[in-house]
Amino acid sequence: MSQKIAIIGGGYVGAELAKSLDATADVTLIEPRCHFVHAPAMIRAVVDPSLLERALIPYDRLLSNGRVIESKAIAIDANGVTLENGTRVEADQIVVATGSGNAMPFKPQGTDIAGLKADNQRIHRQLKTARRIGIVGAGSVGTELAGEIAHAMPDKKITLISSDDAIFPTMPSKLGTSLAAKLRKSGVTLIFGQRAENLQSMTEPYAGSVQLSDGAQHDFDLIFPAIGSRAQSEVLETLAGVQKTTANRIKVDQWMRPSALPNVFAAGDVADAGDGMTIVAISRQLPWLKATLARLAAGKAIEDIKPYKPWGSKAPILVPLGSKQGNSFLGFITAGDFLTSKMKGADLFVRKYAKLLNRPEG
């Protein structure tokens with residue numbers, strides 16, 4: 001008999017892992033949302049709402065043999081998963097890939113996809129009428145958003161505020177320097193080394209002023225909080241002995257296990273496995289997980305399986321500034337506009353994830 005595998009979370013790890021195991025295992029994907037939310041496209045959809053329908057992809061065609069349960073997992077044990085309605089999903093192996101949350105409208109607050117669509121339309125209307133735009137946080141979301149608005153709406157006065165002294169300060173300096181130069185050339189004002197002291201909301205855009213740590217005050221018609229993602233780790237916190245690290249992430253061992261339960265794994269944004277919270281990070285985790293689960297199903301002991309090795313300092317990152325500009329770090333070089341556009345900026349992986357969920361029209 002094939003192994004029963006429960007996967008909690010239908011994001012970048014969960015959806016792709018479920019599909020890759022669908023032909024060889026008895027797969028159950030547990031996901032409270034009815035649609036896959038393709039985050040990079042959600043950033044561009046703020047300035048181009050026509051992209052929204054392609055960025056939100058239903059799960060109903062993902063699996064041919066397994067099943068997708070639209071529900072929230074509230075507890076895990078050695079034998080399976082308990083759902084919020086009390087239903088049990090029995091499993092031999094469990095993978096928790098619950099991802100992370102971010103400010104709306106980049107990711108929904110909860111499971112309300114219809115509400116997310118309405119929020120996107122509302123915020124797009126606010127953006128169209130706003131003249132002065134403030135973006136607080138210069139990570140991937142904030143930097144890409146600044147580039148998207150500058151590209152699509154060059155008449156806007158955009159200010160990008162960061163508490164760091166540079167864009168992506170932990171990466172090779174050429175990446176942040178090049179991105180900053182392109183943003184400035186596009187008319188974006190960059191404020192580094194200043195913390196926003198009085199954000200009225202961390203979860204959605206609003207009009208108001210930003211007080212910086214140096215005492216300066218800046219007024220904006222629309223402020224986007226983009227402080228950073230926080231892992232959605234609640235279900236893992238029900239396990240004995242789990243340890244939180246930064247951004248609500250959960251520490252895992254060398255085989256990506258978050259607790260003493262030998263058959264429970266964590267992956268993606270929720271797992272602090274030494275990788276960043278990026279789509280690129282999972283490109284290393286997915287093949288390891290798939291191979292490990294197959295070896296365990298064949299009766300191999302986990303101690304005889306090669307441990308997971310994270311990207312480390314060579315982790316790539318792709319940062320488009322609209323469809324035609326941007327920079328990327330590819331592990332050994334910093335690439336410019338052409339490669340960044342070709343690899344991500346032009347399409348934002350929309351076709352890839354439409355194909356994954358068996359919606360090739362994307």
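**Exercise 1.** Are Tyr12 and Phe36 buried or exposed?

*Solution.* The model is predicted. A residue counts as buried when its relative accessible area is under 20%. For Phe36 the relative accessibility is 1%, so Phe36 counts as buried. Tyr12 is buried as well.

**Exercise 2.** Classify the ring pair formed by Tyr12 and Phe36, and locate both residues in the chain.

*Solution.* A pair of aromatic rings is described by the distance of the centres and the angle of the planes. Two rings pair if their centres lie within 6.5 Å, and planes over 60 degrees apart count as edge-to-face. The centres of the Tyr12 and Phe36 rings are 5.2 Å apart and the planes stand at 80 degrees, so this pair is edge-to-face. Tyr12 belongs to helix 1 (residues 12-21) and Phe36 to strand 3 (residues 35-37). The two residues are 24 residues apart, and their pair links distant parts of the chain.

**Exercise 3.** Which residues do ring pairs link into a cluster?

*Solution.* The cluster consists of Tyr12, Phe36, Tyr59 and Tyr353. In total, the model has six aromatic pairs.

**Exercise 4.** Where does the charged end of Arg284 sit?

*Solution.* The charged end of Arg284 is placed over the ring of Trp311, 4.7 Å from the ring centre.

Conventions
Residues numbered from 1 in each chain as written. Predicted model: local features only at pLDDT ≥ 70, side-chain atom pairs only at ≥ 80, totals over all residues. Heavy atoms only, no water. Phe/Tyr/Trp six-rings, centres within 6.5 Å; stacked < 30°, edge-to-face > 60°. Helix = DSSP H or I, 4+ residues; strand = E, 2+ residues; numbered from the N terminus. Buried < 20%, exposed > 50% of the residue type's maximum accessible area, 1.4 Å probe, protein only. Lys NZ or Arg CZ within 6 Å of the ring centre and 35° of its normal.
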